[in-house]
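Trainee: I am new to this structure and would like a close look at a single part. Please take me through the salt bridges.

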Amino acid sequence: MSAAPQRIEAGTVLFRPGDPCRGFVILHEGTLRVTLTAASGREIVLYRVSRGDICLQTFSCLVEGRDYAACGVAETALSAEIMSAADFHRRLAGDSDFRSQVFTAVAHRFSDFERLVEDVALTGFTARLARALLRLANADGKVVATHEQLAVETGSGRAVVSRQLARFAAANLVGMERGQVTLLDRDALDDIADDG
């Protein structure tokens, strides 16, 4: 069965490329960020895992018996259980409710991947950055992120992010401080995001 919930500090690396899978992670609280890094060192956020979500990397590792190919970091503090691989396979085979929950979550995660591919391959950078800012903004319209972190979110380079943020600031769409962007005109950013 699942182990007792563990507390995991923000910033903890749960897995790296080449790590074996320890088991099926069930999140109760917090957010896990999963990223992929190319040989060039360029990094992109593949997806985030929150309560009720499935980590596709973990699912693939358990189903195919392979090691991780991406990196998973606790973006916030986490409360999580880790179900052993044997228990995961047993429940998947014998518990129809669990199986349905897992497969539904996997299908939702594939929808996230379709959006990621659309963003990176088919959407212009200006729209990608606007979408990222809108997605990451808190209730006060603040995005606490460096230009480097925004580059990872958008699959681009830091210099490209800096130039576009400067254009947004010149148009009074955003305000910038060190490590933070404030959304000043959400409606205009929504229009940019929709233009793709």
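Mentor: Start with E153, which is buried at 11% relative accessibility, because the cut-off for buried is under 20%. The model is a predicted one. E153 forms a salt bridge with R48, and their closest N and O atoms are 2.2 Å apart. This pair joins distant parts of the chain, since E153 sits in helix α5 (residues 147-154) and R48 in strand β5, 105 residues apart.

R48 also forms a salt bridge with E75, where the closest N and O atoms are 2.7 Å apart. R48 belongs to strand β5 (residues 43-49), whereas E75 is in the loop between β6 (71-74) and β7 (78-83), so this pair ties together parts 27 residues apart in sequence. E75 has a relative accessibility of 30% and therefore counts as partly exposed. R48, E75 and E153 are linked with R33 and R135 in a network of salt bridges.

A further salt bridge is found between the side chains of D87 and R90, at 2.5 Å from N to O. Both residues lie in helix α2 (residues 85-94), and they are three residues apart, about one turn of the helix. D87 is buried, its relative accessible area being 10%, while R90 is exposed, with 54%.

In general, side chains of opposite charge can pair when their charged atoms come close. The count for this model comes to eight salt bridges, including the pairs R48 with E75, E153 with R48, and D87 with R90.

How values were computed: Residues numbered from 1 in each chain as written. Predicted model: local features only at pLDDT ≥ 70, side-chain atom pairs only at ≥ 80, totals over all residues. Heavy atoms only, no water. Salt bridge = Lys/Arg side-chain N within 4 Å of Asp/Glu carboxyl O. Helix = DSSP H or I, 4+ residues; strand = E, 2+ residues; numbered from the N terminus. Buried < 20%, exposed > 50% of the residue type's maximum accessible area, 1.4 Å probe, protein only.
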